[in-house]
Amino acid sequence: MRSQLYNIAHDTEHVIVFGPSGSGKELVARAIHAMAEQPAGAWIARNAATIPSTLVNAELFGNAKDYPNAGMPARPGLIGAADGGALILDEFAELPELAQASLLRLLDDGTYHRLGEERERRSRMRLIALTNRTPGAVKHDVLARFVHRLTLPMLSARRQDLALILRHMLGGGDIDDDDKRVSPRAVATLATSPLDDNVRGLDRAVRS
């Protein structure tokens, strides 16, 4: 997977990652961002499921000063804040279809409007969408805008990725048999555990 992530990181197209809860979707997103050829810009992460449906557009696109109420400060929104970097939207498929559709122009050419503004803005951000739902839960025309699509199986089905995941958890560098950062308990867990808890269980083992 490392070579695949490297190739994706050195592209600029948007990415969507499918996988069960705890399978390491955010780790994959962070790896893509960290491996980017150009200096990485802002890293903005938000769980889309926590955004109230009535505030989705305001949270994503921001708003002009005094809009919708007098005294309201101008806000860049998640898209503006992530300009030049990456916007990670976890639980992406939980966005209402209308909210997903509002992202089409942005995904096509990077343009968008803040609420209450007439002038067009442009964001050079890269969207990395994460979801534990199936591709069918994403609006089909929105899904078509994601050139890169990754599907992560349960961690127990991809033990070859353990070294890469551990390296990320421990702050980089190679891992060998004498690495003091990995506890004996963690080594035993990796050797015998079914890893049903995916990355979260691995993280607990490493930090125990």
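Two strands count as paired if DSSP finds at least two bridges between them; helices (H or I, at least four residues) and strands (E, at least two) are DSSP runs, numbered from the N terminus. The model is predicted, so to speak of local features takes a pLDDT of at least 70, and side-chain atom pairs count only at pLDDT 80 or more, while totals for chains, interfaces and linings use all residues. Residues are numbered from 1 along each chain as its sequence is written, and side-chain values use heavy atoms, with hydrogens and water left out.

On to the sheet. Five strands make up an open, parallel sheet, ordered β2-β3-β6-β1-β7. At its edges sit β2 (43–47) and β7 (148–151), each pairing on one side only. Four parallel bridges link β1 and β7, and F18 stands opposite T151 in β7.

Then there are the nonpolar cores, meaning sets of buried Ala, Val, Leu, Ile, Met, Phe, Trp, Tyr and Cys residues joined through side-chain atoms within 4.5 Å; buried is under 20% relative accessible area, with a 1.4 Å probe and protein chains only. The largest core has 29 residues, and I79, F92 and L103 touch the most other members. A second, separate core holds 16 residues, including I8, V15, I32 and L152.

Finally, N63 sits in the loop between α3 (56–61) and α4 (77–81). N63 is buried, at 4% relative accessible area. Its side chain makes a polar contact with the side chain of R75 at 2.9 Å (a pair of N or O atoms within 3.5 Å; within protein, one must be able to donate a hydrogen and the other to accept it, and residues adjacent in sequence count only if both atoms are side-chain atoms).

Note on methods
Buried means under 20% relative accessible area, exposed over 50%, partly exposed in between (1.4 Å probe, protein chains only).
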